[in-house]
Amino acid sequence: MRVLGPQGERTIPLVDFYRLPGEEPQRDTVLSHGELITAVDLPELSFATRSHYRKVRDRASYAFALVSVAAALDVTDGVVRDVRIALGGVAPRPWRATKAEAVLRGAPATEEVFGQAAEAELAEAQPLPGNAFKVPLARNTLVRTLLDLTGEEKQR
């Protein structure tokens, strides 16, 4: 993220941009007073042409996501070569699914493996009272998104 403010320009890595509530729950980002985002630089990801975003919400129009999944997948001969996954709506900031990515790299691109990756990512999830439904919803949304990227039908 490139930002401009009273102290000049600065660059903030995306992984450092969003903050957890902590002692200042009113602040979602590390932006200082008077700073404005001027650009978002995204590194080239050669396999991002095979990507998908899915947003699950409780009504069709302009609702915040209960759960969202953004994924890019590189599969060759039925094996996951590389992958990027982010979850939204499940934490105070976007959640990079690095545990799921690690399970998937080098593994067969199957529904079973996708489920294992989702389970690995969400194993330590600590839902708050009233939102525990998001854990299985996130799991199912992640698996469905990956299946869509591989062109596979979910087996019943």
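Trainee: In which sense do E6 and E7 pair, and over how many bridges?

Mentor: Two strands count as paired if DSSP finds at least two bridges between them. Here E6 and E7 pair in the antiparallel sense, over 2 bridges. Within this pairing, alanine 86 stands opposite arginine 96 in E7. Please note that this is a predicted model, in which local features need pLDDT of at least 70, side-chain atom pairs count only at pLDDT 80 or more, and totals for chains, interfaces and linings use all residues. Residues are numbered from 1 along each chain as its sequence is written, and side-chain values use heavy atoms, with hydrogens and water left out.

Trainee: What is the order of the strands in the open sheet, and which are the edge strands?

Mentor: The open sheet has 4 strands in the order E4-E5-E6-E7, with antiparallel pairing. Its edge strands are E4 and E7, each of which pairs on one side only. As a general idea, side chains in a regular strand alternate between the two faces of the sheet.

Trainee: How many helices and strands does the protein have?

Mentor: Helices (H or I, at least four residues) and strands (E, at least two) are DSSP runs, numbered from the N terminus. The protein has 4 helices and 7 strands, and along the sequence they follow the pattern β-β-α-β-β-β-β-β-α-α-α.

Trainee: What joins E1 to E2?

Mentor: A hairpin does, through 2 residues. Strand E1 (residues 2-5) and strand E2 (residues 8-11) are antiparallel, with 4 bridges; valine 3 is placed opposite arginine 10 in E2.

Trainee: How much space lies in the largest pocket, and which residues are closest to its centre?

Mentor: On a 1 Å grid over the protein atoms alone, a pocket is an open set of points where a 1.4 Å probe fits, with protein on both sides within 12 Å along at least five of seven lines; lining residues have an atom within 4 Å of a point. A volume is the space filled by probe spheres set on the points, which are joined across faces, edges and corners. The largest pocket holds about 1,100 Å³. Its lining has 32 residues, and Leu14, Val15, Ala86, Pro94 and Arg96 are the closest to the centre. The elements that give two or more residues to this lining are helix H1 (14-17), E4, strand E5 (67-76), strand E6 (79-88) and strand E7 (95-96).

Trainee: What is the volume of the second largest pocket, and which helix gives the most to its lining?

Mentor: The volume is about 390 Å³. Helix H4 (residues 134-150) gives the most to the lining of the second largest pocket, namely 3 residues. This pocket is lined by 15 residues, with Val90, Ala91, Trp95, Gln126 and Pro127 nearest its centre.
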